[in-house]
Amino acid sequence: MPFRCTPPPKDPVRTLAHAPWKLAVPAFQVSPRTWYVSGQSWVGAYLIDTGDGCILLDTAIPESLYLLVDAVQQTGHKMSDIKMILLSHAHFDHIGGAAALHEITGAPLYMSREDAKFLAECPGETLVLDADSHVQELTVDRFYDDDTPVCLGDIAIRTLLTPGHTIGCTSFFWQEKNPVTGETYNVAMHGGVGANTMNDKYYATSACLTPDLRDRFFADAPKVSAIPVDIALPSHPNQIEILDKAGTYTHQSQPYLDSTVWADFIKERVRQVRALME
Ligand SMILES: [Zn+2]
């Protein structure tokens, strides 16, 4: 599967707020232990079965929460299986469902210290970004420590601060074993790459984000893209097209296994941010 990005859905927040079923996507498996469970086609959320409960990566928005709950159940898991909720960055489209999901599951909410501060100091640039989404305030329970993986069952998720899109944007790296072939895959989800917050127009009105974040994004890109990743998962499914193969996963076929995708994806995102500087 060579790297390919596609346009996002049109008016996603408005559509999800008023007719979420129009963007509904049933749960689908992407790797031996992981399912796409946001329930919708705009923002991703992933459920990782650790063998001793599940980890949820990101929560999408409250308007599509029922689709996420339904998607988790479609995977054969229960909401009460979720023991940790890891948030990639403090934008409403990834954390909007967090407060409710914390209530439903009792699972602690994780975020970087940097983005928890961004969230507290700049609600207008994090939680309240779109009048159509009624995001609930949340309390961050635990911060990431990039030197100490987040562990549950036999999954250890290494976090990496990858600033740029936000101050504390965090990417996730872990390993999964194919139960049929015995192969081990490096799986990753980048925390956020949107050029919408990495341009001069945004910086001119932002109270919190500054152009040095873009410099840091460029400076870190070679290091981040050099990390070996066999299965690259996008935080928005159009950023690395994955919906086109939804439902085709088997342990034997591994439709998302391609160790070239991650580096090509980072390269493309750098290109997009640079294009806005010209
Ligand atoms: Zn974002």
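The model described here is a predicted one.

### The strands of the unit and their neighbours

Strand β4 covers residues 54-57 and strand β5 covers residues 82-86; the two run parallel and are joined by 4 bridges. On its other pairing, β5 meets β6 in the parallel sense, here over 2 bridges. Strands of a sheet pair through backbone hydrogen bonds, and the pairing may be parallel or antiparallel.

| Residue | Bridge partner | Strand of the partner |
|---|---|---|
| Leu 56 | Ile 85 | β5 |
| Leu 57 | Leu 86 | β5 |
| Ile 85 | Leu 109 | β6 |

Is β5 mostly covered or mostly open? Strand β5 is mostly covered, since 4 of its 5 residues are buried. A helix also lies over this part of the sheet: α4 (residues 98-105) lies across β4, β5 and β6 (109-111). The direction of helix α4 is at about 165° to that of β5.

### The sheet as a whole

To which sheet do these strands belong? They are part of an open sheet of 7 strands, ordered β1-β2-β3-β4-β5-β6-β7, with mixed pairing. Its edge strands are β1 (28-31) and β7 (142-143), each of which pairs on one side only.

### The chain

Beyond the sheet, the secondary structure of the chain amounts to 9 helices and 12 strands. The chain has a radius of gyration of 17 Å, close to the 19 Å that the globule rule gives for 278 residues, so the chain is as compact as a globular protein of that length. The C-alpha trace spans about 50 × 40 × 35 Å along its principal axes.

Of the 278 residues, 46% count as buried. Among contacts in the chain with a separation of 6 or more, 70% are between residues 24 or more positions apart.

Methods:
Residues numbered from 1 in each chain as written. Predicted model: local features only at pLDDT ≥ 70, side-chain atom pairs only at ≥ 80, totals over all residues. Pairing = 2+ DSSP bridges. Contact = placed C-beta atoms within 7 Å. Axes fitted to C-alpha atoms, helices over the stretch in contact; angles between N-to-C directions. Buried ≥ 20, exposed ≤ 12 C-beta atoms within 10 Å, placed from the backbone. Rg over C-alpha atoms; globule rule 2.2 N^0.38 Å.
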